[in-house]
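Visitor: I am new to this structure and would like to know what the words used for it rest on. Please show it to me, and then I will ask.

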Amino acid sequence: MLSYIKQTIKSFLNNFSYGIFNTKIASLSDDPFHVLSILLKKYQVTTIIDGGASIGDTSSKLRQIFPHSKVIAVEPFPKFFEFIQQKSLVDNDIVPLACA
């Protein structure tokens with residue numbers, strides 16, 4: 001009975017170009033890191049270059065998604081580079097590189 005009600009509601013909403021969807025899946029589809037992990041999950045990612053790494057937040061997130069990878073964090077701005085160096089002390093697979 002519940003299935004019939006759900007289908008009826010979906011059909012009704014569809015007539016007005018509306019739909020029902022899982023919000024968790026929808027929010028994940030907007031997350032570029034989630035999309036990247038799906039696209040690359042069939043590959044063994046071992047090296048990532050984070051060009052313009054800023055303070056290293058993206059480098060840290062990439063290490064979470066690809067735990068067996070090494071992230072080369074490239075950042076020429078000295079103050080930002082200091083942040084990346086601190087993160088590399090916590091995670092040895094984040095390799096800071098100060099150049100442009």
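Visitor: What makes up the largest nonpolar core?

Guide: The largest nonpolar core consists of 5 residues: Val45, Ile48, Leu62, Phe66 and Val71. A nonpolar core is a set of buried Ala, Val, Leu, Ile, Met, Phe, Trp, Tyr and Cys residues joined through side-chain atoms within 4.5 Å. Buried means under 20% relative accessible area, exposed means over 50%, and partly exposed lies in between, with a 1.4 Å probe and protein chains only. The model is predicted: local features need pLDDT of at least 70, side-chain atom pairs count only at pLDDT 80 or more, and totals for chains, interfaces and linings use all residues. Residues are numbered from 1 along each chain as its sequence is written, and side-chain values use heavy atoms, with hydrogens and water left out.

Visitor: Which residues does phenylalanine 66 touch?

Guide: Leaving aside residues up to four places away in sequence, phenylalanine 66 touches Leu36, Ser37, Leu40, Val45 and Ile48. Contact means heavy atoms within 4.5 Å.

Visitor: Why is helix 3 called oblique to helix 4?

Guide: The axes of helix 3 (residues 32-40) and helix 4 (residues 57-65) cross at roughly 40 degrees and come within 11 Å. Angles under 35 degrees count as roughly parallel, over 145 as roughly antiparallel, 65 to 115 as roughly perpendicular and the rest as oblique. Therefore helix 3 is oblique to helix 4.

Visitor: Which residues make that contact?

Guide: Helix 3 contributes Phe33, Leu36 and Ser37, and helix 4 contributes Thr58, Lys61, Leu62 and Ile65. By class, the contact of helix 3 with helix 4 has 4 nonpolar, 2 polar and 1 charged residues.

Visitor: Why does threonine 58 count as partly exposed?

Guide: Its relative accessibility is 34%, so threonine 58 counts as partly exposed. Threonine 58 is found in helix 4 and touches Phe33 and Asp50, not counting residues up to four places away in sequence.

Visitor: Why is asparagine 15 called exposed?

Guide: Asparagine 15 has a relative accessible area of 60%, and therefore it is exposed. Asparagine 15 lies in the loop between helix 1 (2-14) and helix 2 (23-29).

Visitor: What is the phi of serine 54?

Guide: Phi of serine 54 is near 55 degrees, a positive value in a residue other than glycine. Most residues other than glycine have a negative phi. Serine 54 sits in the loop between strand 1 (47-51) and helix 4. With a relative accessible area of 29%, serine 54 is partly exposed.

Conventions:
Axes fitted to C-alpha atoms, helices over the stretch in contact; angles between N-to-C directions. Helix = DSSP H or I, 4+ residues; strand = E, 2+ residues; numbered from the N terminus. Nonpolar A, V, L, I, M, F, W, Y, C, P; charged D, E, K, R; others polar.
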